[in-house]
Amino acid sequence: MASAAIFSSLRRRSSPSLEAFLAPVDLPDDAVLEALRAVSTSLSGKDKKAPFFQGKNSRSLIRKIDVISVLLDALSDLGLSRISPTVFLCLKELYLLLYRSKILFDYVTGSSKLWLLLQNHTISGHFHDINQEISTLFDVFPLSEINLCEDVREQIDLLGKQSRKSRLSIDKHDECKRLKLYHFVNEFERGEIPDMNELYIFFVEKLGICNVERCRSEIEFLEEQIVNHDDDLEPSSSVLNGFVALIRYCRFSLFRFEDGDDDLGKWKRRYKTKGLISREIADTFVTIPKDFCCPITLELMHSPVLVSTGQTYDRASIVRWLEEGHSTCPKTGQMLVHTKLVPNLALRNLIVQWCMANGIPYDPPENNADSAASAPPSKAAVEATKATAALLVEELANGTPRAKNVAAWEIRLLAKTGRENRAYIAEAGAIPLLKRLLPSADAFAQENSVTALLNLSIYDKNKSRIMDVEGCLGAIVGVLRHGHTTEARENSAATLFSLSAVHEYKKEIAQEDGAVEALARMLVEGTSRGKKDAVTALFNLSTHPDNSARMIDSGAVRALVGALECEGIAEEAAGAMALIVRQPIGAEAVEKEEGAVVGLTGMMRCGTPRGKENAVAALLELCRSGGAAATQRVLKAPSMASLLQSVLFTGTKRARRKAASLARVFQRCENSSLHFGGLGLGYAFARGNAVAGRDTSFAADVSMPVSISVPVL
């Protein structure tokens with residue numbers, strides 16, 4: 001299906017569209033007629049029904065193509081040998097004209113009805129352009145060189161005259177519908193709710209949007225247009241958001257929660273196959289295109305930006321690289337002329353399209369600098385969304401069990417689409433009602449409610465709203481411990497991860513009965529996605545000093561040690577351990593784990609730069625808090641001298657600082673030369689680059705961003 005930009009380019013007489021390049025314009029002469037007949041047949045009146053909109057223009061163009069088909073039949077009867085080169089040249093131009101007509105028909109029949117109404121004038125202009133091209137082509141077509149029978153020649157002459165006389169035609173019925181659509185949006189703009197009877201007559205009877213599935217299709221199409229919106233296209237993105245909010249409101253106000261059980265089951269199956277969170281794509285069967293991955297983290301980019309060398313990185317990754325003191329391009333090694341980061345909007349749009357095509361939600365971080373350039377929601381969009389949220393919350397409060405289930409599902413979807421929506425849903429009172437569904441015996445209701453809370457929690461103000469609801473934290477932990485489905489348990493872990501980003505909630509979460517134990521169990525037994533959510537939640541909890549004893553008693557330390565061997569979560573596990581061992585009881589617990597030192601030194605050998613950084617930090621704090629016995633154990637680890645020297649020379653700035661501090665600890669050990677005599681030049685290098693004395697800045701140096709953006713589901 002072509003985009004609106006394709007036909008805008010035709011209207012402006014600018015560069016050819018992508019689809020035009022796909023047409024085989026270099027057809028050999030002996031294939032021209034066959035190709036023309038194939039395209040004209042697909043567009044002729046007997047095979048092409050006029051679309052619901054643009055009916056008058058479509059029927060007029062189909063009649064013209066029928067006449068062209070008559071000409072093609074006559075040329076076939078004459079034979080190729082009797083057709084001059086000039087005629088072949090015109091036939092190739094005719095092929096391009098018919099091909100563009102096919103694109104236009106496909107666009108009109110395949111677009112959403114609301115979008116066609118909004119683009120009514122523009123699409124009418126495209127039909128007029130094609131009529132003008134038909135007129136121009138037959139003005140120069142060398143009919144005198146062809147021995148056509150009289151009736152065919154008369155039809156072609158009449159076609160040329162009709163095309164020359166054609167004027168821009170805007171169907172008055174389509175235009176009335178377009179104005180009515182704007183009327184509904186304007187009512188929301190004034191703070192009024194449109195009349196339900198008028199909405200029913202317009203959407204159901206006139207447009208044929210008569211069920212939930214068609215509403216969803218309209219919403220998805222309009223949202224796609226917002227993502228791919230051209231600056232010179234009308235209406236603007238903010239106005240389009242108003243129409244999206246309008247049709248979403250109609251979905252609930254007109255059809256309420258009357259979907260059949262089969263539809264509900266279909267949604268669930270679609271979620272299981274496509275409902276992947278963007279942060280975890282690498283752990284699914286979806287292969288991310290290489291160009292969509294950040295060269296630093298090798299993960300899908302959420303906010304691609306260009307550096308001065310022309311290379312693209314994810315904003316968070318390159319910012320961290322620059323903050324570490326690097327002044328070169330990570331991929332090319334060239335010096336950066338400046339550190340300005342330019343948003344790569346073209347690549348970001350491609351990533352969004354790919355995510356949509358693969359059913360992967362894509363929600364850029366809310367504090368992304370790029371979001372400042374996005375259009376604010378119109379008042380109509382705000383009012384319509386608030387009205388929709390009120391309908392959903394009302395159903396959560398008073399609906400049947402099945403209706404509550406559907407409402408939770410819809411809140412889950414609505415909370416994916418931006419922080420404003422998350423705010424409106426919470427303000428309408430959804431959180432206490434979702435909490436009631438968490439202990440539900442219905443697995444789907446439980447899964448929807450906990451995922452809806454996860455999506456709502458991404459908005460910072462909603463974190464406090466969730467924590468303030470009595471029993472809500474305990475109910476979330478209950479799903480984590482005894483959830484009916486894997487998805488529900490994993491999403492509850494992700495919710496705890498989101499909530500634990502706020503420092504004052506970390507102790508409360510850790511003290512909730514069974515919370516840390518369940519996270520530790522998921523870290524050992526969960527899927528790769530569940531392990532990531534569990535380890536990041538445990539890391540957040542580890543940053544509160546009062547949680548160390550709880551982490552030890554709950555088996556989290558043993559789980560973190562085991563996670564050092566798991567690719568993808570080892571970095572976070574090492575970071576959490578580095579925080580736990582800062583206290584003597586934590587150091588004692590880690591020292592008792594046989595695989596702790598081995599796992600950390602293994603990460604120093606083969607880990608990522610961030611993993612090596614966290615591993616060195618953990619070993620340093622283990623030596624400081626664990627006393628002589630712990631220091632000797634670390635000192636005697638195989639190849640420790642060469643590993644530490646490697647970090648001193650090649651590690652990140654913070655890793656080198658930690659490695660230098662660890663080297664000083666070893667130098668002070670009695671008889672350390674027996675085990676560490678090979679440090680030599682590396683230690684001298686470290687002394688010149690590290691701050692003298694004990695490094696007390698550890699808490700800020702653990703390489704694990706606490707405020708990671710939680711993905712939406």
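Contact here means heavy atoms within 4.5 Å, and the views that follow are all drawn from a predicted model.

**View 1. Helix H21 against helix H24.** In this predicted model, Lys463, Ser464 and Met467 of H21 are in contact with Tyr505, Glu508 and Ile509 of H24. Sorted by class, the residues of this contact are three nonpolar, one polar and two charged. Two packed helices are described by the angle between their axes and the distance between the axes. For H21, which spans residues 460-468, and H24, which spans residues 503-511, the axes come within 12 Å and cross at roughly 35°, and the crossing is left-handed.

**View 2. The largest nonpolar core and its surroundings.** The largest nonpolar core holds 184 residues, of which Leu91, Phe141, Phe203 and Leu246 touch the most other members. The helix that gives the most to this core is H5, residues 85-110, with 14 residues. Another core, of 18 residues, lies apart from the largest one and has Ile318, Leu336, Leu341 and Ile351 among its members. Leu246, when residues up to four places away in sequence are not counted, touches Leu181, Phe184, Val185, Phe188, Leu199, Phe203 and Ala384.

**View 3. Ser112 in the loop between H5 and H6.** Ser112 is located in the loop that lies between H5 and helix H6, the latter covering 113-118. Because its relative accessibility is 5%, and buried means under 20%, Ser112 counts as buried. The side chain of Ser112 reaches the backbone nitrogen of Trp115 at 3.0 Å, and a polar contact of 3.2 Å joins this side chain of Ser112 to the side chain of Glu218. Leaving aside residues up to four places away in sequence, Ser112 touches Phe221 and Leu222 as well as Glu218.

**View 4. Leu207 in the loop between H10 and H11.** Leu207 is found in the loop between helix H10, residues 196-206, and helix H11, residues 212-227. Its relative accessibility is 0%, and therefore Leu207 counts as buried. With residues up to four places away in sequence not counted, Leu207 touches Phe52, Phe53, Lys113, Leu114, Leu117, Lys177 and Phe202. For one of these pairs, Leu207 and Phe52, the separation is 155 residues in sequence and 8.7 Å in space, taken from C-alpha to C-alpha.

Key: Residues numbered from 1 in each chain as written. Predicted model: local features only at pLDDT ≥ 70, side-chain atom pairs only at ≥ 80, totals over all residues. Heavy atoms only, no water. Axes fitted to C-alpha atoms, helices over the stretch in contact; angles between N-to-C directions. Helix = DSSP H or I, 4+ residues; strand = E, 2+ residues; numbered from the N terminus. Left-handed = near helix turned anticlockwise from the far one by under 90°. Nonpolar A, V, L, I, M, F, W, Y, C, P; charged D, E, K, R; others polar. Core = buried A, V, L, I, M, F, W, Y, C linked by side-chain atoms within 4.5 Å. Buried < 20%, exposed > 50% of the residue type's maximum accessible area, 1.4 Å probe, protein only. Polar contact = N/O pair within 3.5 Å; in protein donor to acceptor, adjacent residues only side chain to side chain.
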